[in-house]
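This briefing is intended for a reader who will examine the coordinates directly.

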Amino acid sequence: MSYKNIYCVLFLTIFLFYGCESWIEGYDDSPNAATEVSIDQLFTASQVNVFSFSENSLARTVAIWMQQMCGTDRQYSSLAQYSFAENDYALSWQRVYTTGGLIDLRKTQVLADEQGKPAFKGMAQVLEAFLVGSAASIWGDIPYSEAIDGSINNPKLDDQAEIYASLQILLDDAISNLSSASAGLLPINDMFFSGDTDKWIAAAYTLKARYYMHWVEVDPTSCSEALINADLGINSLDGSMKTLHTSESTENNSWYQFYIARDSYMTAGGHLVNLLNSNSDPRLGTYFANAKDTNIVIGADPGDSYLYQSYLNSDNFGEASPIDILSYEENLLIKAECSARLGNDAVAQEALQEAQTAAETKWGFSADSFSDVSLTGDDLFNKILEEKYVALFLNLETWNDYKRNCYPNVSVADTKPPVRVYYPEDERKTNPNIPDVSSQPLNNDNDTEGCE
């Protein structure tokens with residue numbers, strides 16, 4: 001089917017539904033709310049919402065803090081030095097709950113039950129788990145159990161650990177629904193996998209593995225659970241879950257749109273450029289274009305001004321290019337990290353080798369682009385962390401990997417990157433359960449060790 005104007009669906013519904021005092025209050029009785037929305041429309045809006053969540057300002061922030069990219073002009077120069085405000089990531093918060101988020105995903109699940117469409121329900125459950133789990137990894141304790149209860153104006157903050165436990169159950173239910181789906185009742189507007197329930201199931205297992213990884217600091221046995229689920233997870237490059245874009249201006253890749261509007265604000269990050277150069281890694285030219293009037297990639301470091309350094313390679317990150325949300329490479333590297341943590345170097349070596357082979361295939365490199373893996377012990381573990389940092393380019397998950405492993409070893413003036421952002425100011429003012437900035441934690445419950 002044609003996906004023309006998929007973004008218009010989301011923008012239209014945002015204008016219809018948004019504008020209440022808070023992200024939940026008044027939704028059910030808004031005079032501007034549409035009275036009937038089909039399950040297909042809800043599912044389309046939710047998918048586009050996930051695209052936006054995965055590529056918006058928080059994704060740019062994470063790439064800058066992890067020094068895959070660098071802020072080089074105006075407020076992005078300050079962002080590169082960890083300066084951010086209370087309401088800077090309100091849009092990411094809204095994406096979790098409002099139009100296309102939890103409200104619409106729950107409506108999709110209700111309609112799926114009423115219409116006997118378990119595939120719709122299972123897919124909506126996977127998207128709910130992605131958004132809510134991502135939010136819990138960002139803010140820690142968040143509204144969830146009471147978040148869309150129309151009788152509760154001020155939903156409580158659920159404990160982060162309880163949210164993750166609930167999402168594991170939700171994903172199990174999603175896998176069950178997807179496994180029971182009939183071919184004749186599959187969504188025709190599935191922009192991720194074109195109705196392939198096996199790929200959705202694999203993505204659900206990889207998401208389960210990702211969320212177990214988030215608790216390794218607190219409970220090292222979580223690695224065993226992650227490994228079990230990764231073994232059932234995404235098993236090929238075409239099983240990766242990606243955003244969808246076209247050459248239509250309203251449907252362009254957000255990284256491309258940002259560059260067209262603000263080309264001096266952000267460039268290649270010097271840390272990643274130097275790492276790729278030192279390893280003679282062919283992904284250097286795959287990720288980044290040459291700097292203006294040169295034949296080399298030039299990155300910037302925090303504090304540098306814009307001097308026409310490199311930006312993303314438009315062949316691979318241009319207007320219609322997808323961005324990975326959940327990938328085959330991540331699944332392999334979860335296996336590698338967990339196997340190394342559990343002392344099984346042979347399995348870790350194999351998974352790391354497979355991840356590097358996947359990169360060769362994905363980007364069209366020669367089969368000998370990466371050396372055979374023979375490292376053991378700490379050297380092997382560090383190489384796995386390095387490969388994941390490179391392979392998950394522009395992915396929000398690099399921030400969670402940093403919180404767990406303190407990799408990459410980056411800082412600004414001996415200050416380490418933030419590991420949490422503030423709750424949005426608007427929500428703090430409308431929901432008394434959200435604490436003042438001074439009372440908010442510096443890190444979330446699953447991030448216990450800190451980086452020095």
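The structure is a predicted model. It holds five cavities of 30 Å³ or more, and its largest pocket has a volume of about 620 Å³.

**Cavities**

- Rolling a probe the size of a water molecule over the atoms shows where empty space is left.
- The volume of the largest cavity is about 180 Å³.
- A total of 20 residues line the largest cavity, and those nearest its centre are Ser134, Arg210, Leu396, Glu397 and Asn400.
- Two or more lining residues of the largest cavity come from each of α2 (39–55), α7 (118–139), α9, β4 (324–326) and α18 (397–405); α7 gives the most, with five residues.
- By class, the lining of the largest cavity comprises nine nonpolar, seven polar and four charged residues.
- The second largest cavity has a volume of about 100 Å³, and its lining includes Ser137, Met213, His214, Asn400 and Lys403.
- Helix α18 supplies the largest share of the lining of the second largest cavity, namely three residues.
- The lining of the second largest cavity consists of two nonpolar, five polar and four charged residues.
- Asn400 is among the residues nearest the centre of the largest cavity, and Asn400 also lines the second largest cavity.

**Largest pocket**

- The largest pocket is lined by 28 residues, of which Asn56, Ser57, Arg60, Tyr76 and Phe258 are the closest to its centre.
- The elements giving two or more residues to the lining of this pocket are α1 (6–17), α2, α3 (57–65), α4 (75–79), α5 (90–97) and α11 (254–261).
- Eleven nonpolar, twelve polar and five charged residues make up the lining of the largest pocket.

**Helix α16**

- Helix α16 runs over residues 345–363; at 1.5 Å a residue its 19 residues should span 27 Å, and the end C-alpha atoms are 27 Å apart, which agrees.
- An α-helix has 3.6 residues a turn, so residues three or four places apart point the same way.
- The buried residues of α16 are Ala348, Gln349, Ala351, Leu352, Ala355, Gln356, Ala358, Ala359 and Glu360.
- Among the elements that cover these buried residues are α13 (283–287), α15 (328–341) and α17 (377–391).

**Backbone features in loops**

- Most residues other than glycine have a negative phi, and most peptide bonds are trans.
- Glutamine 67, in the loop between α3 and β1 (69–71), has a positive phi of about 60° although it is not a glycine.
- Glutamine 67 counts as buried because its relative accessible area is 9%, which is under 20%.
- Arginine 74, in the loop between β1 and α4, likewise has a positive phi, near 55°.
- Arginine 74 counts as exposed because its relative accessible area is 58%, which is over 50%.
- The peptide bond from tyrosine 407 to proline 408 is cis, with omega near 10°; proline 408 lies in the loop between α18 and α19 (425–430).

- Asparagine 189 is placed in the loop between α8 (160–179) and α9 (197–213).
- Asparagine 189 counts as buried because its relative accessibility is 5%.
- The side chain of asparagine 189 is joined to that of threonine 44 by a polar contact of 2.6 Å.

Terms used: Residues are numbered from 1 along each chain as its sequence is written. This is a predicted model: local features need pLDDT of at least 70, side-chain atom pairs count only at pLDDT 80 or more; totals for chains, interfaces and linings use all residues. Side-chain values use heavy atoms; hydrogens and water are left out. Helices (H or I, at least four residues) and strands (E, at least two) are DSSP runs, numbered from the N terminus. Buried means under 20% relative accessible area, exposed over 50%, partly exposed in between (1.4 Å probe, protein chains only). A polar contact is a pair of N or O atoms within 3.5 Å; within protein, one must be able to donate a hydrogen and the other to accept it, and residues adjacent in sequence count only if both atoms are side-chain atoms. The expected span of a helix is 1.5 Å times one less than its number of residues. Contact means heavy atoms within 4.5 Å. On a 1 Å grid over the protein atoms alone, a cavity is a set of points where a 1.4 Å probe fits but cannot get out, and a pocket is an open set with protein on both sides within 12 Å along at least five of seven lines; lining residues have an atom within 4 Å of a point. Grid points are joined across faces, edges and corners, and a volume is the space filled by probe spheres set on the points. Ala, Val, Leu, Ile, Met, Phe, Trp, Tyr, Cys and Pro count as nonpolar, Asp, Glu, Lys and Arg as charged, and the others, Gly among them, as polar.
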